[in-house]
Amino acid sequence: MEVHETVLGKTRLTLVIPAYQESAGIAEVIEESESALEKIGLLDFEILIVDDGSTDSTFQVASKTAQKFNHTRVIKLPKNCGYGKALRTGFEAARFEKVAFTDADNQFFLEDLIPLIHASQRADIAAGYRFDRQDPKLRIFLSRGYNHLVHSLMQTQVRDCDCALKVFNREKLLGILPESSNFFVNTEMFHRAARNNLTIEEVPVRHRK
């Protein structure tokens, strides 16, 4: 336990959260993220909300909520550029040596960043996988097929490629930044990681409906 606390107490983390048309829930996402990362006991952290050109009030709500805290910044893209571009924008803006990302729909328990951060001390990438996935059966079936396919064709090396809870070491992340703008972004990054001989450690994470 003391070793874990020492690691966390020396870690500075950037959490990137891409958001599109999330006005109804983005305030809760920011509040939960601030609370969870504060409790983890990091040396320092920042939360980057990347608004991917939303046409609703996502940017306004996020900006107003961010004013309540010291760690959240909101970045707005001038138009909808896609998930991959939003992620890349956040990755390039990250200031700290550990960079994580998650989605803006509260699928994950951010306390599970703790074992991911520990794993990132041993590997270049710590990749979460949903061990008790709370999606409909058809979606789980299709996802398993996709993961098997890209593992075979693209050497992605992981069982749950699109799980949106990962931690990267920033200097390695900068070498595998995505060019894709759509859902293919995770596959592309893991393919680049394999080509660059980066090490990956998988960690089970919890999942909400």
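## Salt-bridge tour

Start at Glu179, an exposed residue with 58% relative accessible area (exposed means over 50%, buried under 20%, partly exposed in between, with a 1.4 Å probe and protein chains only). This is a predicted model, where local features need pLDDT of at least 70 and side-chain atom pairs count only at pLDDT 80 or more, while totals for chains, interfaces and linings use all residues. Residues are numbered from 1 along each chain as its sequence is written, and side-chain values use heavy atoms, with hydrogens and water left out.

Arg88 and Glu179 form a salt bridge, with the closest N and O atoms 3.2 Å apart (a side-chain nitrogen of Lys or Arg within 4 Å of a carboxyl oxygen of Asp or Glu). Arg88 sits in helix H4 and Glu179 in the loop between helix H7 (170-173) and helix H8 (185-195), so the pair ties together parts 91 residues apart in sequence. Helices (H or I, at least four residues) and strands (E, at least two) are DSSP runs, numbered from the N terminus.

Next, select Arg12 and Glu97. Their salt bridge has its closest N and O atoms 3.1 Å apart. Arg12 belongs to strand E1 (residues 12-19) and Glu97 to the loop between helix H4 (83-93) and strand E4 (98-101), so this pair ties together parts 85 residues apart in sequence. Glu97 is partly exposed at 30%; Arg12 is partly exposed at 33%.

Move to helix H8. Arg192 and Glu188 meet in a salt bridge, 3.0 Å from N to O. They are 4 residues apart, about one helical turn. Glu188 is buried at 9%, whereas Arg192 is partly exposed at 27%.

Last stop: select Glu46, Arg73 and Arg95, which are linked in a network of salt bridges. The structure holds 11 salt bridges.
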